[in-house]
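Please walk me through this structure. I am new to it and would like to know what to look at.

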Amino acid sequence: MLFVGRPKMKKTYPADFKNVLLIMLDNLLSLLNMFEVEVVLCGGTLLGCIRNQLFIEWDYDVDLDVLPGRENRKRLFDLVKFIKKFPSQTRLNVTTTSLPVVVKFTPLVPYKLYTNMAFDRTGVPNPTIDLFL
């Protein structure tokens, strides 16, 4: 019998990161709705939602899938352009270097808050939202 369980050495998700992710997710979902981009939860985010109705304790991101369709993707890229043009209004940074697979969103926060929350701790990734295409 093969037993697949939680790995032994997992870092727990800092409370500040969870709060930042929830704020980012709320903000991004509002923008996705405004641009009529259809997405669904996927990966660890979906698993945590179904299994525990929470983030998985050791997961550092939110995973979303963009539903198929040429028009849906066009609207997504219109949104990406909007965020790149108005990052201070959206409070998000967007990275498209992993295209055509994923668009990454990170929080746009003041430097003091960024350092207080220790986003760049060794071995702890920044909170991100990954939008898979």
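Start with helix 1, where F17, V20, L21, M24, L25, L28, L31 and L32 are buried. Look down the axis of this helix. The buried residues fall within an arc of 135°, so they line one face of helix 1. Now turn to the other side. There A15, I23, D26, N33 and M34 are exposed. Keep in mind that this is a predicted model.

How far apart are the end C-alpha atoms of helix 1? They are 29 Å apart. At 1.5 Å a residue, its 20 residues should span 28 Å, so the two values agree. Just past the end of helix 1 comes E36, with a positive phi of about 60°.

Next, see where the nonpolar residues gather. In soluble globular proteins, nonpolar side chains tend to be buried together. Here the largest nonpolar core has 21 residues. Those with the most contacts inside this core are L28, L64, I83, F105, I129 and L131. Several elements give two or more residues to the core: helix 1 (15-34), strand 2 (61-66), helix 3 (70-85), strand 3 (92-95), strand 4 (102-107) and strand 5 (128-132). Helix 1 gives the most, with 7 residues.

L28 is buried in helix 1. Leaving out residues up to four places away in sequence, L28 touches L64, L79, I83, L92, F105 and I129.

Step back to the whole protein. The secondary structure consists of 5 helices and 5 strands. Along the sequence, they follow the pattern α-β-α-β-α-α-β-β-α-β. Contacts also reach across the sequence. Among contacts with a separation of 6 or more, 65% join residues 24 or more positions apart.

How much of the protein is buried? Of its 133 residues, 33% count as buried. The accessible surface comes to about 8,500 Å². Carbon and sulfur atoms make up 59% of that surface.

Finally, consider the cysteines. A disulfide is a covalent bond between the sulfur atoms of two cysteines. How many disulfides are counted here? The count, which asks for cysteine sulfur atoms within 2.5 Å, comes to 0.

Methods. Residues numbered from 1 in each chain as written. Predicted model: local features only at pLDDT ≥ 70, side-chain atom pairs only at ≥ 80, totals over all residues. Heavy atoms only, no water. Core = buried A, V, L, I, M, F, W, Y, C linked by side-chain atoms within 4.5 Å. Buried < 20%, exposed > 50% of the residue type's maximum accessible area, 1.4 Å probe, protein only. Helix = DSSP H or I, 4+ residues; strand = E, 2+ residues; numbered from the N terminus. Contact = heavy atoms within 4.5 Å. Areas by Shrake-Rupley, 256 points an atom, 1.4 Å probe, with all protein chains shown as cover. Expected span 1.5 Å × (residues − 1). Arc of directions from axis to C-beta.
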